[in-house]
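Here is a short report on one protein model.

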Amino acid sequence: MEQRKFKAALFDLDGVVFDTEPQYTVFWGSQCRLYHPEHPGLEHEIKGQTLTQIYDRWFSGTLEREQAVITQRLNEFEQTMNFEFVGGFEQLIADLRANGVRTAVVTSSNHAKMESVYRCQPHFHTLFDAILTAEDFSRSKPDPDCYLKAAARFGVDVSECIVFEDSFNGLRSGRAAQMAVVGLTTTNPQEAIAPLSDLQIADYQDMTFATLSQLLTSTVG
């Protein structure tokens, strides 16, 4: 079987580039216990959802007035977050780019969040050819809009793109865009994300352009 040639690697941010999901679980755990004590463990159910989706489902109606307060708390929390790369990420990015693969972040995070990222990781810009944030999309994941726009930005076909995601909405977004999907088990267990991804990995250790191409050739066909 001929090895597939990929031209673009598209990465979600939290749980994919940065191992931040445990920190967000702490934050949302505090808010969920405050506003929804009747629903223990809610912070785990909302993993991978956008802020708008969380607000629409859990903080509407009488709690709508609390959204601005929660947003302010979240902004302050993100300013002090520790943005550590998922293991092996920087090495993989370097290898992909050395092999001519274009790289992009495709995230539902907004500009304010990204400013916190840039303060913590000043060289972050240099790792990617494009950084697409919530302001660049009209429809949120699981809609494929964000990944289709990333492919268009690079002028490549969807069959030439690899999506790296961890959340159910993100995985569905990559699937809907008809791209090869690699699932990170940083947020959900392998068996849960397997139906929505072509390959599941815990991190990027020992992952290279060559091994990724070979693995995806055998799994996607």
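## Exposed loop residues

D206 is exposed, because its relative accessible area is 74% (exposed means over 50% relative accessible area, buried under 20%, partly exposed in between, with a 1.4 Å probe and protein chains only). D206 lies in the loop between strand 6 (199-201) and helix 10 (209-220). Helices (H or I, at least four residues) and strands (E, at least two) are DSSP runs numbered from the N terminus. Phi of D206 is near 65°, a positive value in a residue other than glycine.

The model is predicted: local features need pLDDT of at least 70, side-chain atom pairs count only at pLDDT 80 or more, and totals for chains, interfaces and linings use all residues. Residues are numbered from 1 along each chain as its sequence is written, and side-chain values use heavy atoms, with hydrogens and water left out.

Q178 sits in the loop between helix 8 and strand 5 (180-184). Its phi is near 65°, positive in a residue other than glycine. Q178 counts as exposed, at 64% relative accessibility. T80 is in the loop between helix 4 and helix 5 (89-98). T80 also counts as exposed, at 63% relative accessibility. The C-alpha atoms of T80 and A68 are separated by 19 Å, with the two residues 12 apart along the chain.

## Helix 7 and its surroundings

Helix 7 spans residues 145-154, and D145, C146, Y147, A150, A151 and F154 in it are buried. These buried residues pack against strand 1 (8-11), strand 2 (102-106), strand 3 (130-132), strand 4 (161-165) and helix 8 (168-176).

G155 follows helix 7, with a positive phi near 70°. P142 is in the loop between strand 3 and helix 7. The peptide bond from K141 to P142 is cis, with omega near 20°.

## Aromatic pairs

The structure holds 18 aromatic pairs. Rings of Phe, Tyr and Trp (its six-membered ring) pair if their centres lie within 6.5 Å; planes under 30 degrees apart count as stacked, over 60 as edge-to-face and the rest as tilted. F85 and F89 are stacked, because their ring centres are 5.6 Å apart and their planes at 10°. Both F85 and F89 are buried. Y118 and F124 form a tilted pair, 6.1 Å centre to centre with 45° between the planes. Y118 and F124 are buried too.

One aromatic cluster is formed by F11, F18, F83, F85, F89, Y118, F124, F128, F164 and Y204.

## Nonpolar cores

A nonpolar core is a set of buried Ala, Val, Leu, Ile, Met, Phe, Trp, Tyr and Cys residues joined through side-chain atoms within 4.5 Å. Which members of the largest core touch the most others? Of its 49 residues, they are F11, W28, F124, F164 and Y204. Helix 1 (residues 21-35) gives the most to this core, with five residues.

Leaving aside neighbours within four places in sequence, W28 is in contact (heavy atoms within 4.5 Å) with E43, I46, L51, I54, Y55, F59, I70 and L74. Another core, of 21 residues, lies apart from the largest one and includes V106, M179, V181 and L196.
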